Amino acid sequence: KYVAVQYGESGGIVGAVTETYLLERSRVVDVGPGERNYHIFYQMLTNSAICKQWGLGEASGYAYLSAEGAVATVEEMNDTREFASVQSALRTFRFSAEEVAAVWRMLASILLLGNVSFRPQAAGAGGDDGEVAEVVDEAALASAAGALGCEVEALRFPLLRKHIKVMRDTIVTHYTIKAAGQSRDALAKGAQWAAPLLSPPSLPH
């Protein structure tokens with residue numbers, strides 16, 4: 001919700017208008033040709049300190065920020081200047097340095113997670129259709145896990161398999177490449193990430 005507060009000449013509040021915006025979670029992981037993801041991702045990448053801290057690079061290097069290998073731009077928008085305005089607004093509303101850092105960390109986690117890709121395991125690995133997934137780039141997985149504050153294996157497990165409790169038994173199902181990608185995208189779209197990242201510096205393993 002967006003609340004516009006109206007002030008009188010004396011400085012007192014005389015009214016307010018509330019508007020409700022629909023935030024498309026699907027946009028976080030699926031950008032169409034000629035479209036941009038949420039502007040804050042591109043704006044954040046103009047800050048060298050944040051990029052250095054989380055090992056981030058140009059927007060073109062992130063699957064969630066480009067469509068068909070191209071990154072859309074908005075002519076009248078200066079991402080560097082807009083990010084400075086965002087930082088100023090956060091200070092105005094008295095967000096602590098720790099809270100602000102947690103927000104950048106969450107956004108970096110999403111970008112890094114989006115670069116985790118999958119390929120078929122070696123023949124004979126099993127699976128319902130013989131296409132059991134494994135991670136292509138271990139460095140990409142490690143970067144995402146580092147930003148999330150968890151061990152690499154703690155992130156690998158939910159990306160590649162699920163376990164179902166049946167009576168006293170636990171059945172482990174390995175994901176196909178398609179299912180692994182869906183699992184990754186579901187994690188990226190999970191709005192609940194914001195809450196744990198705003199308090200402790202790491203996620204439970």
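Tutor: Let us begin with V3, which counts as partly exposed because its relative accessibility is 46%; here buried means under 20% relative accessible area, exposed means over 50%, and partly exposed is what lies in between, with a 1.4 Å probe and protein chains only. Before going further, please keep in mind that this is a predicted model, in which local features need pLDDT of at least 70 and side-chain atom pairs count only at pLDDT 80 or more, while totals for chains, interfaces and linings use all residues. Residues are numbered from 1 along each chain as its sequence is written, and side-chain values use heavy atoms, with hydrogens and water left out.

V3 lies in strand β1, where a strand is a DSSP run of E with at least two residues and a helix is a run of H or I with at least four, both numbered from the N terminus. Together with V5, Y7 and I13, V3 makes a nonpolar surface patch of about 410 Å², and strand β1, residues 2-7, gives the most to that patch, with 3 residues. Patches are made of residues with over 30% relative accessible area and no salt bridge, where nonpolar side chains (Val, Leu, Ile, Met, Phe, Trp, Tyr) are joined within 5 Å and like charges within 9 Å. The areas come from the Shrake-Rupley method with a 1.4 Å probe, and for residues only the protein chains shown count as cover.

From its first C-alpha to its last, α4 reaches 26 Å, close to the 26 Å expected at 1.5 Å a residue, where the expected span of a helix is 1.5 Å times one less than its number of residues. The 13 residues of α7 should span 18 Å by that rule, and its end C-alpha atoms are 18 Å apart, which agrees. The buried residues of α7, including A179, G181, R184 and D185, pack against α4, β3 (118-120), β4 and α6.

Not counting residues up to four places away in sequence, L155 touches L113, L141, A144, A145, L148, C150 and L187, where contact means heavy atoms within 4.5 Å.

The side chains of E138 and R156 meet in a salt bridge (2.8 Å, N to O), a pair that links distant parts of the chain, since E138 is in helix α5 and R156 is in helix α6, 18 residues apart. A salt bridge is a side-chain nitrogen of Lys or Arg within 4 Å of a carboxyl oxygen of Asp or Glu. R156 counts as buried because its relative accessibility is 15%, whereas E138, at 38%, is partly exposed. R156 also forms a salt bridge with E153, the closest N and O atoms being 3.0 Å apart; both residues lie in helix α6, 3 residues apart, about one turn of the helix. Through shared partners, E138, E153 and R156 are joined into one network. By the salt-bridge rule, the count comes to 5.

To step back, the protein chain comes to 8 helices and 6 strands, and buried residues make up 34% of its 205 residues. Its accessible surface comes to about 12,700 Å², of which 54% belongs to carbon and sulfur atoms. Among contacts with a separation of 6 or more, 55% are between residues 24 or more positions apart.
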